[in-house]
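Here's a quick briefing to read with the viewer open. Have the sequence to hand as well.

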2 protein chains.
Amino acid sequence: MDSQTYPEYSTNYPLLLTTFMKRPVRYYPNQVGVVYRNHVTGEYLRFTWRQWYERVSQLANAMQNRLGIESGKPGVLGSRVGTMAYNTHRHLELYYAAPCVGATLHPINIRLSEDHIVYTINHAQDSVIFVDDVVMPLLENIYERIKETVKLFVYMSDKPGLPSTKIPNLIEYEKLLSAESVMFEWPHLHEDTIASLCYTTGTTGQPKGATFTHRQLYLMTLHGMARQSIVNTPDFVASDRLGENAVPMLNTPLFHIHGWGAPFSTVFSAQKVVLPGTFTVRGFCELVEREKVTSVGIVPTIAAMLLEFKDFEQYDLSSLTNIGVGGGALPLGLKTKLEKMLPNFRVGSGYGMTETAPAAIGAFVKKHMVGWAKDQIDEVMVKTGLPFLGLEVDIVDELGESVPWDDRTVGEIVIRGPWVTREYYKSPDKTAEVWRNGWFHTGDIAKIDEEGFIVIADRLKDVIRSGAEMVPTVLLENMIAMADFVLEAAVVGVPDSTWGEKPMAIVSIRPGMEATAADVVNFLNDYGVKSGKITKWMVPRLVAITADIPKTSVGKFNKKAVRDNLDHFLSIAQDMTQQAA
Amino acid sequence: MDSQTYPEYSTNYPLLLTTFMKRPVRYYPNQVGVVYRNHVTGEYLRFTWRQWYERVSQLANAMQNRLGIESGKPGVLGSRVGTMAYNTHRHLELYYAAPCVGATLHPINIRLSEDHIVYTINHAQDSVIFVDDVVMPLLENIYERIKETVKLFVYMSDKPGLPSTKIPNLIEYEKLLSAESVMFEWPHLHEDTIASLCYTTGTTGQPKGATFTHRQLYLMTLHGMARQSIVNTPDFVASDRLGENAVPMLNTPLFHIHGWGAPFSTVFSAQKVVLPGTFTVRGFCELVEREKVTSVGIVPTIAAMLLEFKDFEQYDLSSLTNIGVGGGALPLGLKTKLEKMLPNFRVGSGYGMTETAPAAIGAFVKKHMVGWAKDQIDEVMVKTGLPFLGLEVDIVDELGESVPWDDRTVGEIVIRGPWVTREYYKSPDKTAEVWRNGWFHTGDIAKIDEEGFIVIADRLKDVIRSGAEMVPTVLLENMIAMADFVLEAAVVGVPDSTWGEKPMAIVSIRPGMEATAADVVNFLNDYGVKSGKITKWMVPRLVAITADIPKTSVGKFNKKAVRDNLDHFLSIAQDMTQQAA
């Protein structure tokens, strides 16, 4: 019966990344699909979709014929293919060739500590590592500690030839490809074949490896595109309105949780993909101007670098109609200045994590808010947002009950849905810690308002317990960052004999501006307490002004380091108990 | 291990219609979600999403508690729930309650012949049939022939009470609901549970029942929404730009191949759904004006009815920004007139069939065509189009080889993909006829141009074989319809001693205009042959002018009836061999 009905082409048609890759070459073979600018030399490489697809096919042939890469099957990983690379056309080729031959892509986060990088490579048991020329020094540093695991290395560079190196088994990427056929018969994989293995940053303990199947990445991408069709603000739709003609620049590193999903959606959409290597301020401006980039995602730090760039106004950035800012609150002063220089600029919040691949919660303007004034819309857009289309997200108390939608009660964010990781690779105990009662437990704290908007309040372990109350530190940090004189702010709990803990704010001031601890407290009183956004007892009693807030390797506030050096921060903090009361 | 990783909430998260239904009630409980206008009385009913969802929940409870409806599982159908209804809120309630409790929805096509209706009900073995008050006479007519199969009937009406009827086991829908709780715990079904059973129109032989799983309908909907995000013409995106604020009117009957998918996408998108019962010209205009409808899909016949409606210009139809015309070629004169009265009007072709649920091929403006002049874009939009996002479509010769993309060579359309029906219910032989070599064979003939656009040429069985050549009749019909004096045109083959067959055109003229057989041939010579669109030998040698072209119950040309009455048509046809040569 099955041989007659062909369920594998019907009810069981597999959802594979292969489908994404085949679409642009079929309908736009001769159009430029991938543009790469070398961030060191400033040189450009351009590929039509056919050229890029043929390179992916050559790479796939090489993986099977030369590199001994083996395909996985549901429940059993294929060979792990590690990458140590920036955002180049080659990295995008690996993003498709590896999963689509059945192997497991392991994008190595080269911003982790060397210890953690070594750990993830040995834990994943990478068969082969593809490395960018500019990342070779890092690879040389760790080579001795991974050489038992990784037998083969492939060197990726725009310049022909191999460097002089102590690594014996190094192959040249371009030579590897040129020896292979541009034809490749892609296997009809099961959709549950594991496509990728992504490690968490491991702020506490060792990184954990989250696995994702083809089906999961396909469904995340498809829901993301479908979500675009129901976004309600005209400004936001500006680039979608251009459909396939949108020109996205992939700023988020491809080694960060699938580059926020862009490598998948942009290829399936046949949009011209602009790859900047890694971020440089001149490269950014030059690429926007030359390639007429329509959409980018940036973090606040990059926004600040753009504004401080002396040649900024010499570039024509008018094509940019869709700029999302994620990864932290955008200071008000920075936002105002950006809006003046980039009229189509908009702040949009979001929340995701390695385990959600990462799409989880995103800013959203609900249908009845469309006509609201800009400042009202902005208030909505800086809320973390609504659950991603197709995902179940809830905020629960310690008994697992949903918290009320009162914009006040906090609880833990729990998630389930088609693309939430099923398990940590080789770590059943860690998996059991997060997957409980049918929900993935994020360890993040949030509240939910009467419209269903979720606002992230804190990491569970960073919550300050002051008396019987919880002080959500991320909420405070984002609020302090709204002051126009503030560059960044971190809030941590310090021991207190009366309350158990009390909040301390560590604040850096924008270059060229001056402000005191009193200004911070006054701002919180005026902006937060009087408007009812926070309660009086949440205002930090201690405020330290410093240019030096500790950060992790991926740029998050390192609160553990603050606690480890608490005496130092207490010594520079001012007691603001009088003003705060 | 599985109990720790919860694959059913992760890698195996089921794709269910339940997800669509839950979204609007969660985020827009108090907004009007469903508007129904009774096409007989002109009265309105309005439901918030919460009200509508609670009614669906009551219906689900009734199905389990009162109607004995049983859930299916993969490979085994649940109880079949038949509907004989127009586009009402109740029909939309059935569209969700039945599949989401695990039953199989069977929307009965009430426009089929009574013989065929009886056949489909008995073949499907419907446990229960839900019937609109205005459809009761039809049910009474066929009752004796289905009463052994169907044990229970539910009567749906805006007026309380049951009619006097010979049908003994008739329950009142509104009473049934009001006895039940508004809370319902939706089952966590397997995504391969069969959600619907849709019968083909059966122009030859008996109707065949195509089955669709939850996964299939979910994936069709999601790909459709994702496709909206990459559509390239600003005009077309006008209503998408409004996202959730789009107001679709569901004109296509819900008993026609899932109402072209609208019952799924509009609910998931939380758009206000406008249900007109069945089409009336005044109801159409009134609903557009009062509900500010933004998008409708219409067939050419309805377009003609609108233009002939005397009060047409008294209505404000300016909210309409997205009008698709499908189901046949739009005559040029009609198109010009519509464009004048509805400035946002656009023609968009499409192709689908019961077995594809129905999304298969749709008009699409490719990225480099966006700047083209309107008449050039129109030429693109009347091509049948590109395969639907996520679907594999090919045109193959008799050996199964792909035809070249030369806009000339014709072959059979074959399809496979996530939502193509796996099988005809209880008909393995008919299934084996269409599913061969891993492809679903449509029996339709098309060619494909150098851009990948597919143009439907004919039904395989309607192709005229003239000498060594094939004359694609649908292509000719669409071309004749482009003449401004033509209302409709059908082309059939008649026996010819020299060529085997030769084409005969049967043409009806637009009311108020006059034209002769010679005008038809002259138009084809000027418009078709001189421009190279058709060859000289394709021009019909016989042309019959008549107001009476035979049609099937669903409004398609009934070529079998023409062939059965060939003598009549030959007697009124003029021999145009001289002019055609």
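In which order do the 3 strands of the open sheet in chain B run? The order is β2-β1-β10, and the pairing is mixed. Keep in mind that this is a predicted model: local features need pLDDT of at least 70, side-chain atom pairs count only at pLDDT 80 or more, and totals for chains, interfaces and linings use all residues. Residues are numbered from 1 along each chain as its sequence is written, while chains are lettered from A and ligands numbered from 1 in the order in which they are written.

**Confidence**

- The model comes with an ipTM of 0.88 and a pTM of 0.89.
- For chain A the average pLDDT is 90, and 94% of the residues score at least 70 (pLDDT is the predictor's confidence in each residue, from 0 to 100).
- Residues 235-240 of chain A are where pLDDT is below 50. Beyond near neighbours in sequence, that stretch has 18 contacts in the model (two residues are in contact if their C-beta atoms, placed from the backbone, lie within 7 Å).

**Domains of chain A**

- Chain A splits into domain 1 (49-189) and domain 2 (469-580), with bounds that come from an automatic or database domain assignment.
- Between the C-alpha centres of domain 1 and domain 2 of chain A there are 44 Å.

- At the edges sit β2 (44-48) and β10 (273-275) of chain B, each pairing on one side only. For the bookkeeping, helices (H or I, at least four residues) and strands (E, at least two) are DSSP runs, numbered from the N terminus, and two strands pair if DSSP finds at least two bridges between them.
- From one strand to the next, the twist averages 15 degrees. Axes here are lines fitted to C-alpha atoms, for helices over the stretch in contact, and angles run from 0 to 180 degrees between N-to-C directions.
- β1 (residues 32-37) of chain B runs parallel to β10(B), with 3 bridges joining them. One to look up is B:Val35, whose bridge partner in β10(B) is B:Val274.
- Lying across β1 and β2 of chain B is helix α3 (residues 49-65), which runs at about 90 degrees to β2(B).

**The open sheet in chain A**

- Chain A has an open sheet of 3 strands in the order β2-β1-β10, with mixed pairing. β2 (44-48) and β10 (273-275) of chain A each have a single partner strand, so one side of each has no neighbour in the sheet.
- β1 (residues 32-37) of chain A is antiparallel to β2(A), and 5 bridges join them. In this pair, A:Val32 is opposite A:Thr48.

- Contacts link 50 residues of chain B with 50 residues of chain A. On the side of chain B that touches chain A, α8(B) gives the most, with 7 residues.
- By class, that side of chain B has 19 nonpolar, 20 polar and 11 charged residues. Ala, Val, Leu, Ile, Met, Phe, Trp, Tyr, Cys and Pro count as nonpolar, Asp, Glu, Lys and Arg as charged, and the others, Gly among them, as polar.
- The copies meet through the same surface, because 100% of the interface residues of chain B are also interface residues in chain A.

- Most residues other than glycine have a negative phi, and most peptide bonds are trans.
- β13 (residues 350-352) and β14 (residues 359-362) of chain A run antiparallel, joined by 3 bridges. A:Tyr351 is opposite A:Ile361 there.
- β13(A) and β14(A) make a hairpin with 6 residues between them, and A:Ala357 in the turn has a positive phi of about 80 degrees.
- The peptide bond joining A:Ala357 and A:Pro358 is cis, with omega about 10 degrees. In chain B, the bond joining B:Ala357 and B:Pro358 is cis, with omega about 5 degrees.
- β14(A) also runs antiparallel to β15 (residues 386-387) of chain A, through 2 bridges. A:Gly362 has A:Leu386 as its bridge partner in β15(A).
- A:Trp260, a residue other than glycine, has a positive phi near 60 degrees. A:Trp260 is in the loop between α9 (234-241) and α10 (262-268) of chain A.
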